[in-house]
Amino acid sequence: RNGRIAYMVKDSQGHWQIWVANGDLSSAKKLSHGRYDSGWAVWAPSGKQFAFDSNRTDPTPNDSHQVNDVFVMNTDGTGVKKLTDSKGISGDAAWSPKGSLIAFDADRGNPKGFSAIYVIRPNGRGLRTLTHPRPPMSDYKPRFSPDGTHVVFIRERGTADFGPAALFTMHVDGSHLHRLTPFSLHADDSDCRRT
C-alpha cells in the first residue's frame, strides 16, 4: 500500500539477507543479519509483518541434513518468531488475504524430501496439514485465492526441480482437490489476483 518493496541480496559472506526500500530503492534498510540465509519475504496484507524463510535454526548447516524454517517478523526487523518445527525444509510462505493464515510447504524431516502443504496462524498456533501426497509426489508453493477460500499449488513427481508437475487447487480446508493442468506441462509457481 505504501509502495515499499522487500527483496533479498547476498551479503559479503555470501548469505542472503532481507532488505526493504521505497519503490525507487531509496531509504533501503537491511532487516536480517547473521551467518545464515534469510529471504523470500512476503508482506502480510496489513503491511505490518513479513513471513520469510531462513536456515538460521540449522545446527549444522554444512552437513547433508538441511533445516529451513518459516518465520514472521515486523517490517522494521523486530519481533522475529519461528513458526515451523526445524525438522527439515519448510518454505514458500504465503499469507491468506485477511492475514489470518500462512500457507507453506514442508517435508517435516522426511528422509526422501517429499513435501506437503500446511497452514498455520501467524502466532504459530493451529497447524493443519492440507495435502497428503503419496510418494513419489510432493506439493509445493501454495498461494491463496483472492477471497481466501481456495489454495493453488504445484504437485510434482519426485523431489527434483523441473520434474513433471501440475497445478492443483483445493478448498482452504484441504478438501475438493482438483488438478488444473497436465503433469507434462511442468507447471511451476502461480499467483492469484483479483482483476
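# A walk from core to loops

Start by selecting Val119, Leu130, Phe144 and Met170: of the 14 residues in the largest nonpolar core, these touch the most other members. A nonpolar core here is a set of buried Ala, Val, Leu, Ile, Met, Phe, Trp, Tyr and Cys residues joined through side-chain atoms within 4.5 Å. Buried means under 20% relative accessible area, exposed means over 50%, and partly exposed lies in between (1.4 Å probe, protein chains only). Now colour S10, S12, S13 and strand S14 (165-171), each of which supplies at least two residues of this core. S14 gives the largest share, three residues. Strands are DSSP runs of E with at least two residues, numbered from the N terminus, while helices would be H or I runs of at least four.

Before moving on, a word about what is on your screen. This is a predicted model, in which local features need pLDDT of at least 70 and side-chain atom pairs count only at pLDDT 80 or more, while totals for chains, interfaces and linings use all residues. Residues are numbered from 1 along each chain as its sequence is written, and side-chain values use heavy atoms, with hydrogens and water left out.

**Next stop: Met170.** Centre the view there and show its surroundings. Which residues is Met170 in contact with, leaving aside neighbours within four places in sequence? They are Ile117, Leu130, Thr131, Thr149, His150, Val151, Phe153, Ser175, His176 and Leu177; contact means heavy atoms within 4.5 Å.

**A second core.** Now select Val70, Val72, Ala106 and Ala116, which are among the 13 residues of a second, separate core.

To see one of them, pick Phe50 and look across to Met73, its bridge partner in S6.

**Two salt bridges.** The structure holds two of these, each counted when a side-chain nitrogen of Lys or Arg is within 4 Å of a carboxyl oxygen of Asp or Glu. Select Arg108 and Asp85 to find one, with the closest N and O atoms 3.2 Å apart. Arg108 sits in the loop between S9 (102-106) and S10 (116-120), and Asp85 in the loop between S7 and S8 (90-95), so the pair ties together parts that are 23 residues apart in sequence. Arg108 is partly exposed at 29% relative accessible area, and Asp85 is partly exposed at 23%.

Then go to Arg155 and Asp139, whose side chains meet in a salt bridge at 2.7 Å, N to O. Here S13 (residues 150-157) holds Arg155 and S12 (residues 137-144) holds Asp139, 16 residues apart. Are these two buried or exposed? Arg155 is buried at 12%, and Asp139 is buried at 0%.

**Backbone details.** Leu25 is not a glycine either, and has a positive phi of about 70°. Look for Leu25 in the loop between S2 (16-21) and S3 (29-30), where it is partly exposed at 48%. Finish at Pro135 and Pro136, joined by a cis peptide bond with omega about 15°; Pro136 is in the loop between S11 (128-129) and S12.

How values were computed:
Pairing = 2+ DSSP bridges.
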